[in-house]
Amino acid sequence: MKLAKKIILITVTLTAVVAVAVYLQYRQVMNYAKTPINLTQEKILTVPTGTGRVAFEALLVKENMIEQGNEFQWLLKLRPELAQLKAGTYRLQPDMTVERLLSLVVSGKEAQFSIRFIEGNRLNDWGNILRDAPYLEHTSTEMTPAELHAFIGFKGEGTLEGWLYPDTYLYTAGTKDTEILKRAYKRMQSSLEEEWQGRDRDLPYKNAYEMLIMASIIEKETGVESERSQVASVFVNRLKKNMRLQTDPTVIYGLGDKYDGKIYRSDLDNYTPYNTYKIDGLPPTPIAMPSLASIKAAAHPAKTDYLYFVADGKGGHTFSRNLNEHNRAVKVYRQFEQQKW
């Protein structure tokens, strides 16, 4: 009996010791889970496809976010739900704990990146912006224009100039640039169709595309919200009277890379399909990506008698009904410019 009691006592003691050890180990691992990762600023971390728990720990050690030890693997054993890692690109914050980092990677909520296209940008500007965007897969450069147009659903003639909706677009790492272009085209197509259906009925446009061309000219002529419909009224009034538009932004577009920041008399005298001092009506294509505000202005121009406008030197424009008024406004603008110097 004494031997049996000793065995029982030893067993109970060992069990208690093991239990205490296991408890202490558990506490240590749980405390480790609440430990902040070694990060002083935001960091983008990419978890490759097929990364397991051992490889993930090695990745974090390599990035100096955690130290090599036993706690990480013990945590994944004690909290198996934190071991369901998903490949992707994640945005990590300095105040993250090991547990929060694992929860993020398990959630699969990848980092969102943004790309912004400004109203008035041209098609080649979009190409440059896409090229410089981080974590974007560049596939459009491998396509012919016809292949790109087919992919995004564009069935018009010519280029995509004017057909892409300027805005900020969000994407995750690995998104193809063609997907961004597709989203931008679909949005512009939808917006233009909506405005075309609700347009004023006495406008000199043959179709929605001509209204888009007009919107692009308005976009390049003024950035003042309250002026857009007035600028639109000038061009609409001129079209109705069979007057040439005589707008500098179209001339600049026609010059392409030859434009050096100034328009010379020779530029106005030389013919290009976009020189509205030489051609009748609208140019053949848009000259930029217009904002929705400019499309609305093209669809609903102000009811005015204006036929001319010139910069007022203060960021806006002076509008005139006839050439005499316009010449006086030009004189005032030139005097204002001379006073600045």
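Biologist: How many aromatic pairs does the structure hold?

Modeller: This is a predicted model, and the structure holds 13 aromatic pairs. One of them joins F154 and Y185 in an edge-to-face arrangement, with 5.6 Å from centre to centre and 85 degrees between the planes.

Biologist: Where in the chain do F154 and Y185 sit?

Modeller: The pair links distant parts of the chain, since F154 belongs to the loop between helix 6 (145–152) and strand 5 (168–171), whereas Y185 is in helix 7 (residues 177–197), and the two are 31 residues apart.

Biologist: Is F154 buried or exposed, and what about Y185?

Modeller: F154 is buried, at a relative accessible area of 5%, and Y185 also counts as buried, with 4% relative accessibility. F154 and Y185 belong to one aromatic cluster together with W163 and Y209.

Biologist: Changing topic, which ring does R91 lie over?

Modeller: R91 lies over the face of F113, 5.4 Å from the ring centre. Elsewhere, R238 places its charged end over the ring of Y308, at 5.2 Å from the centre of that ring.

Biologist: OK, helix 2 next: which residues are buried there?

Modeller: In helix 2 (residues 53–62), the buried residues are F56, E57, L59 and L60. They lie on the same side of helix 2, because the arc they cover around the axis is only 155 degrees. On the other side of the helix, V54 and K62 are exposed.

Biologist: Why would residues three or four places apart point the same way?

Modeller: An α-helix has 3.6 residues a turn, so residues at that spacing point the same way.

Biologist: And what covers the buried residues of helix 2?

Modeller: The cover includes strand 1 (43–47), helix 3 (71–78) and helix 4 (98–107). After helix 2 comes N64, which has a positive phi, near 60 degrees.

Biologist: How many residues are in the largest nonpolar core?

Modeller: That core has 53 residues, and those with the most contacts inside it are I115, W163, I180, Y205, M211 and M214. Among the elements that give two or more residues to this core are strand 3 (113–116), helix 5 (123–132) and helix 12 (292–299), while the largest share, 8 residues, comes from helix 8.

Biologist: What does M214 touch?

Modeller: Leaving aside residues up to four places away in sequence, M214 touches Y205, F235, V236, L239, L282 and A298. There is also a second, separate core of 28 residues, including V29, M30, L59 and L76, and L59 is one of the buried residues of helix 2.

Note on methods: Residues numbered from 1 in each chain as written. Predicted model: local features only at pLDDT ≥ 70, side-chain atom pairs only at ≥ 80, totals over all residues. Heavy atoms only, no water. Phe/Tyr/Trp six-rings, centres within 6.5 Å; stacked < 30°, edge-to-face > 60°. Helix = DSSP H or I, 4+ residues; strand = E, 2+ residues; numbered from the N terminus. Buried < 20%, exposed > 50% of the residue type's maximum accessible area, 1.4 Å probe, protein only. Lys NZ or Arg CZ within 6 Å of the ring centre and 35° of its normal. Arc of directions from axis to C-beta. Contact = heavy atoms within 4.5 Å. Core = buried A, V, L, I, M, F, W, Y, C linked by side-chain atoms within 4.5 Å.
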